Amino acid sequence: MAAAPTTDARSAELWQDGWYRFARSLRSPNFGPRPAGAQIDLIVLHSISLPPGRYGGDEVQRLFTNMLDWDAHPYFDRIRGLEVSAHFYVRRNGELWQFVSCDDRAWHAGPSFWRGRPNCNDDSIGIELEGLEGEGFESAQYETLTSLCPAIAQRYAIAFVAGHEHIAPGRKADPGSGFDWLLLQQHLGWQRTMFPDAVRAR
C-alpha cells in the first residue's frame with residue numbers, strides 16, 4: 001500500500017516557484033524581492049473594481065501589468081501612472097488570476113502595520129477581490145478563497161488574515177463592511193485568533 005503524500009509533496013503539486021497551479025498566470029512587472037529573513041505569515045484581502053463598481057472587464061489585469069489606457073474613463077485620470085500589483089485576483093465568478101510569485105514582494109499594501117510589524121508588503125500575500133468596499137461579495141469568491149487560503153498555508157506559515165482596512169486604517173476601507181469575515185473563518189475552519197477583532201469577538 002502506497003504511503004500518503006507528505007505535506008511537502010502536496011505543496012509541490014500545487015506550487016512551482018511561488019506560482020499556484022490552479023490560477024491563471026499573468027505576470028506583473030510591479031514586484032521585488034522580499035527582505036532577507038521575511039516571515040510570510042499574513043494574507044491581506046482587498047477589493048478592487050475599475051472603474052469603481054463596474055465588473056467584468058479586464059481593467060484590473062491591465063492596471064497590474066501597466067497596460068491600462070488612462071484615457072479610457074475619467075476615473076482613470078485619478079490613478080494615472082500608478083504602479084501596483086497583488087499576488088492574486090478573484091473575479092466575481094470565482095475565477096482566479098495570479099500576477100506575482102508568492103515568493104516575491106507584490107505592491108499591494110502600501111504604508112501599513114499589523115501584528116507589530118510595519119511594511120506589510122514585505123511578509124504578506126495580497127489577494128484582490130473584484131468588488132467595492134461596502135458592497136457584498138459572491139459565493140463563488142468565498143469558494144475560491146476557501147480553496148486558495150489553505151493552499152497558501154501549505155506552502156507558507158500563515159498565522160494571520162486581515163483586510164487592507166485593518167493594516168492601513170483611515171487610509172484604506174477595503175474590502176469593507178460587505179465582506180463576511182465570519183463566513184470565511186467558518187469555511188476555512190481556522191482559529192478566530194488569526195482574524196481581525198470583528199471575528200475574534202463573536
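Analyst: In this predicted model, the structure holds 12 salt bridges. One of them joins the side chains of Arg115 and Asp41, with an N to O distance of 2.9 Å. The two partners lie 74 residues apart, Arg115 in the loop between strand S9 (113–114) and strand S10 (117–118), and Asp41 in the loop between strand S4 (31–32) and S5, so that the pair links distant parts of the chain. Both Arg115 and Asp41 are buried. The pair also belongs to a network of salt bridges in which Asp41, Arg115, Arg117 and Asp123 are linked.

A further salt bridge is formed by Glu138 and Arg92, whose closest N and O atoms are 3.3 Å apart. This pair, too, links distant parts of the chain, 46 residues apart: Glu138 is in the loop between S11 and H3, and Arg92 is in the loop between S6 and strand S7 (96–98). Glu138 counts as partly exposed because its relative accessibility is 36%, while Arg92, with a relative accessible area of 17%, is buried.

Arg105 and Asp122 form another salt bridge, the closest N and O atoms being 2.6 Å apart. Here the link runs between Arg105 in strand S8 (residues 105–106) and Asp122 in the loop between S10 and S11, 17 residues apart. The relative accessible area of Arg105 is 22%, which makes this residue partly exposed. Asp122, at 17% relative accessibility, counts as buried; the limit for that class is 20%.

The packing can be considered next. The largest nonpolar core has 31 residues, of which Phe88, Ile127 and Ile152 touch the most other members. Two or more residues of this core come from each of strand S5 (42–48), strand S6 (88–90), strand S11 (124–130), helix H3 (139–155) and helix H5 (181–188). H3 gives the largest share, 6 residues. Leaving aside neighbours within four places in sequence, the contacts of Ile127 include Ile43, Val44, Leu45, Phe88, Leu148 and Ile152. A second, separate core has 16 residues, among them Leu50, Trp70, Phe76 and Ala86.

Two further buried residues are found in helices. His164 is in helix H4 (residues 164–167) and is buried, with a relative accessible area of 5%. Beyond its neighbours within four places in sequence, His164 is in contact with residues including Val44, Leu45, His46, His108 and Asp174. Trp181 is in helix H5 and counts as buried because its relative accessibility is 8%. The C-alpha atoms of Trp181 and Gly56 are separated by 24 Å, and the two residues are 125 apart along the chain.

There remain the open spaces. The largest pocket has a volume of about 540 Å³. It is lined by 27 residues, of which Ser47, Ile48, Tyr75, Glu128 and Lys172 are the closest to its centre. S5 and helix H2 (59–64) are the elements that give two or more residues to this lining, and S5 gives the largest share, 3 residues. By class, the lining of the largest pocket has 14 nonpolar, 8 polar and 5 charged residues.

The structure also holds 1 cavity of 30 Å³ or more. The largest cavity has a volume of about 40 Å³, and residues lining it include Ser49, Leu50, Arg54, Gly56, Tyr89, Arg91 and Glu130. Its lining divides into 4 nonpolar, 3 polar and 4 charged residues.

Definitions and conventions: Residues are numbered from 1 along each chain as its sequence is written. This is a predicted model: local features need pLDDT of at least 70, side-chain atom pairs count only at pLDDT 80 or more; totals for chains, interfaces and linings use all residues. Side-chain values use heavy atoms; hydrogens and water are left out. A nonpolar core is a set of buried Ala, Val, Leu, Ile, Met, Phe, Trp, Tyr and Cys residues joined through side-chain atoms within 4.5 Å. Buried means under 20% relative accessible area, exposed over 50%, partly exposed in between (1.4 Å probe, protein chains only). Helices (H or I, at least four residues) and strands (E, at least two) are DSSP runs, numbered from the N terminus. Contact means heavy atoms within 4.5 Å. On a 1 Å grid over the protein atoms alone, a cavity is a set of points where a 1.4 Å probe fits but cannot get out, and a pocket is an open set with protein on both sides within 12 Å along at least five of seven lines; lining residues have an atom within 4 Å of a point. Grid points are joined across faces, edges and corners, and a volume is the space filled by probe spheres set on the points. Ala, Val, Leu, Ile, Met, Phe, Trp, Tyr, Cys and Pro count as nonpolar, Asp, Glu, Lys and Arg as charged, and the others, Gly among them, as polar. A salt bridge is a side-chain nitrogen of Lys or Arg within 4 Å of a carboxyl oxygen of Asp or Glu.
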